[in-house]
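Here is a short briefing on one protein model.

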Amino acid sequence: LGYRTQLKENQELELIIPVVYYHGQHHWKIKIFEDFFESYPIGFQKYMPKFDFEFINLQTLSSAKILILRNGMLASSLFIQRYYFDNKILMENFERIIKSLEPYLEKNSVNNIFVYLIHFLEVDKNILNKKLEKIPQILNSKIMSIYDQLILEGKIEGKAEGLAEGIEKKILNAFKNNIDLKTIQLISGESIEKIKAILTKNKLI
C-alpha cells in the first residue's frame, strides 16, 4: 500500500522498512511470512514474498529504560502502554509520569495521554487530588484544569468508549480473517473469555 501510494503520487520510490510494534500483555513469538504456509510443498516457496522487518516488543523494555528517555511525552506514552494492565505499577509511578509531561502541557496530544492514564487507573477526582498533593502547585493546577475540561467535554468517558470500540473492532476483524483465538488474544491483550463474549454479542460464534 505504501509503494502504491508513492506510485499514484508520481513519487520516486523510497524504501519502506516494515515495523511490527507489540505492546500486548502476553508473550508473542512472531512469525515470518513463510511460517504461515508451512503445509505447502517446498517447490512453492519461491513464489512467497521474502522480506525482513523490525520487531519492537515493548514488553522486553524495563520501566527504568523507558523512564530515562529524554522525551517525557514519549516516555510517559510508552510507560502507560507497557503497564496498561497493571494499575498498581501505574499508580506507583503516577507522579513521575505527570512530572515528565510538564514541558508539554500546552500540547493537545497530552490530553490523550492523560485520558488513557486516568482510564487505566480508574480513579476519580478525589483520588487524583490526593495523588497530586506532592506535585508542584503550578503543575497540579494545570493537571486539574485539563481533567475538569475533559470531564466537561465528556472526553474521558468518550475516549474510554472509543478505546473499547477500537479493541472490539480489532477482535472482530481478526476473527473474520480466520485468525485463531489465541493469536487474537495476543493482538488485543484481552482474555479469551472477553473475546468469546464479543464474538457472541456480534453473533459470530
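**Charges over rings**

Arg82 lies over the face of Tyr83, 4.5 Å from the ring centre. A charge sits over a ring if NZ of Lys or CZ of Arg is within 6 Å of the ring centre and within 35 degrees of the ring normal. The model is predicted: local features need pLDDT of at least 70, side-chain atom pairs count only at pLDDT 80 or more, and totals for chains, interfaces and linings use all residues. Residues are numbered from 1 along each chain as its sequence is written, and side-chain values use heavy atoms, with hydrogens and water left out.

- Lys31 lies over the face of Phe36, at 5.4 Å from the ring centre.

**Aromatic cluster**

- Phe37, Tyr40 and Phe44 form one aromatic cluster.
- The structure holds four aromatic pairs (Phe, Tyr or six-membered Trp rings with centres within 6.5 Å; planes under 30 degrees apart are stacked, over 60 edge-to-face, the rest tilted).
- Phe37 and Tyr40 are edge-to-face, because their ring planes stand at 75°, with centres 5.6 Å apart.
- Tyr40 and Phe44 are also edge-to-face, with planes at 80° and centres 6.1 Å apart.
- Phe37 is partly exposed at 29% relative accessibility (buried is under 20% relative accessible area, exposed over 50%, partly exposed in between; 1.4 Å probe, protein chains only).
- Tyr40 is partly exposed at 44%.
- Phe44 is partly exposed, with a relative accessible area of 44%.
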